[in-house]
Amino acid sequence: MKARAFDYRRVASVAEALDAYAGCPGEARYLAGGQSLLPALNLRLDAPDLLIDIGRIDALRGIAVEGGALRIGALTRHAETLASDLIATHAPMLTEAAAYMAHPAIRNLGTMGGSLALADPASELPACMRALGAYIEITGPAGIRSVAADAFFRDLFETAIAPGEILSAVRVPLGRPNTRMRFDEIARRRGDYAMVGLAAHLVLAGDAVETARLAFCSVGPTPVRAPAAEAALAGRPLEPESIAAAKAALAGDLDPDDDDTLSAAARKHLAGVLLGRVLSGLGDGRLTAEAA
Ligand SMILES: Cc1cc2nc3c(=O)[nH]c(=O)nc-3n(C[C@H](O)[C@H](O)[C@H](O)COP(=O)(O)OP(=O)(O)OC[C@H]3O[C@@H](n4cnc5c(N)ncnc54)[C@H](O)[C@@H]3O)c2cc1C
């Protein structure tokens, strides 16, 4: 199948992109890496009148530490996330997550902003943003606003981005000492979307967990936090008893649907197995981030 005919315009700045969108009499879409949008057009799941190519806007690029946060530009490709020393130092969960995303050809083009704007509930990066307590920077005709990741993902493929606005960057707060984080997932084959994925972010005070942020992908219409499991960990050492308590509490946090590929019961079971695996790894001190 081929896409319906559309107009194409490449823009050089965010202002030009916003103008192009506002001036389109029909439906317009921003084009970043094209790794989700172009297949959707070819399958005729979407049929916009105009594609606005934002892929060469320099202001949407770059990875830097500024103002107590790691700022990652929207056009950061998944391959750049995987290779970035700054990301590996301050948010290594994103490095781990990027390694699970699709295959090298897709990672060479797909972008951070595209993945978050699309908000596929099976995607790794949205769950990471919730676990990291990140902020999503959105630019529109009225200026720039910042939305906490917990408020950004609203429903299935639905975010806080209003029509015409551009996701310009994400800001990940720099970790305190004794921050430990990890992303892991269970998929049928490497590169497939996860049957269940988990982004875990813990801050320890001495031996005890001070705060825990756990966000799952592929268990609901958005990335899903697990407040009961988080509470079961808080104030206790990370040890087999507290991990078992978190796994037991998790049953009340998740309410996935049955689908053609997996029953809800199997998905919940896998989520518990994954939670135990990730927390045990963090307790042993493996794959942790001692963020500066
Ligand atoms: C075979 C295959 C396997 C894949 N496997 C995975 C996987 O395992 N995990 C995973 O997470 N993803 C996977 N993907 C998706 C991939 O990660 C995409 O790159 C990503 O979802 C979209 O990024 P993009 O830059 O290609 O966005 P596009 O395809 O260009 O755009 C996607 C949507 O976001 C909008 N958009 C893009 N950028 C912005 C912006 N800055 N501001 C506002 N709106 C914007 C577009 O208008 C469009 O609606 C896979 C894709 C394919 C084809």
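Is Asp184 buried or exposed? Asp184 is buried, with a relative accessible area of 3%. This value, like the others in this report, is computed from a predicted model.

**Domains**

The protein is divided into domain 1 (7–53), domain 2 (58–173) and domain 3 (179–283). Taken over C-alpha atoms, the centres of domain 1 and domain 3 are separated by 36 Å.

**Salt bridges**

Side chains of opposite charge can pair when their charged atoms come close. The count for this model comes to 18 salt bridges.

| Arg171 | Glu137 | 3.6 Å |

Whereas Asp184 is buried at 3% relative accessible area, Arg277 counts as partly exposed at 39%.

Arg171 and Glu137 also form a salt bridge, with their closest N and O atoms 3.6 Å apart. Because Arg171 lies in strand 10 (residues 166–173) and Glu137 in strand 6 (residues 135–140), the pair ties together parts that are 34 residues apart in sequence. Arg171 is partly exposed, with a relative accessible area of 27%, while Glu137 is buried at 7%.

Strands 6 and 10, which hold Glu137 and Arg171, are members of an open sheet of five strands. Its strand order is 4-5-10-6-7, and the pairing is antiparallel. Strand 4 (63–66) and strand 7 (143–148) are the edge strands, each of which pairs on one side only. On average, neighbouring strands of this sheet are turned by 25° against each other, direction ignored.

Within the sheet, strand 6 and strand 10 run antiparallel and are joined by five bridges. Arg171 takes part here too: in strand 10, this residue is the bridge partner of Tyr135.

**Surroundings of the ligand**

The ligand is surrounded by 29 residues, of which the closest are Tyr30, Gly34, Gln35, Leu37 and Thr111. A polar backbone atom of Leu37 is 2.7 Å from an oxygen atom of the ligand. His78 places a polar side-chain atom 3.0 Å from a ligand oxygen atom. For Tyr193, a polar side-chain atom lies 2.9 Å from a nitrogen atom of the ligand.

**Helix 5**

Helix 5 (residues 92–100) is largely enclosed by the rest of the structure, because eight of its nine residues are buried. The buried residues are Pro92, Met93, Leu94, Thr95, Glu96, Ala97, Ala98 and Tyr100. Ala102, which follows helix 5, has a positive phi near 50°.

Definitions and conventions. Residues numbered from 1 in each chain as written. Predicted model: local features only at pLDDT ≥ 70, side-chain atom pairs only at ≥ 80, totals over all residues. Heavy atoms only, no water. Salt bridge = Lys/Arg side-chain N within 4 Å of Asp/Glu carboxyl O. Helix = DSSP H or I, 4+ residues; strand = E, 2+ residues; numbered from the N terminus. Buried < 20%, exposed > 50% of the residue type's maximum accessible area, 1.4 Å probe, protein only. Domains from an automatic or database assignment. Pairing = 2+ DSSP bridges. Axes fitted to C-alpha atoms, helices over the stretch in contact; angles between N-to-C directions. Near = heavy atom within 4 Å. Polar contact = N/O pair within 3.5 Å; in protein donor to acceptor, adjacent residues only side chain to side chain.
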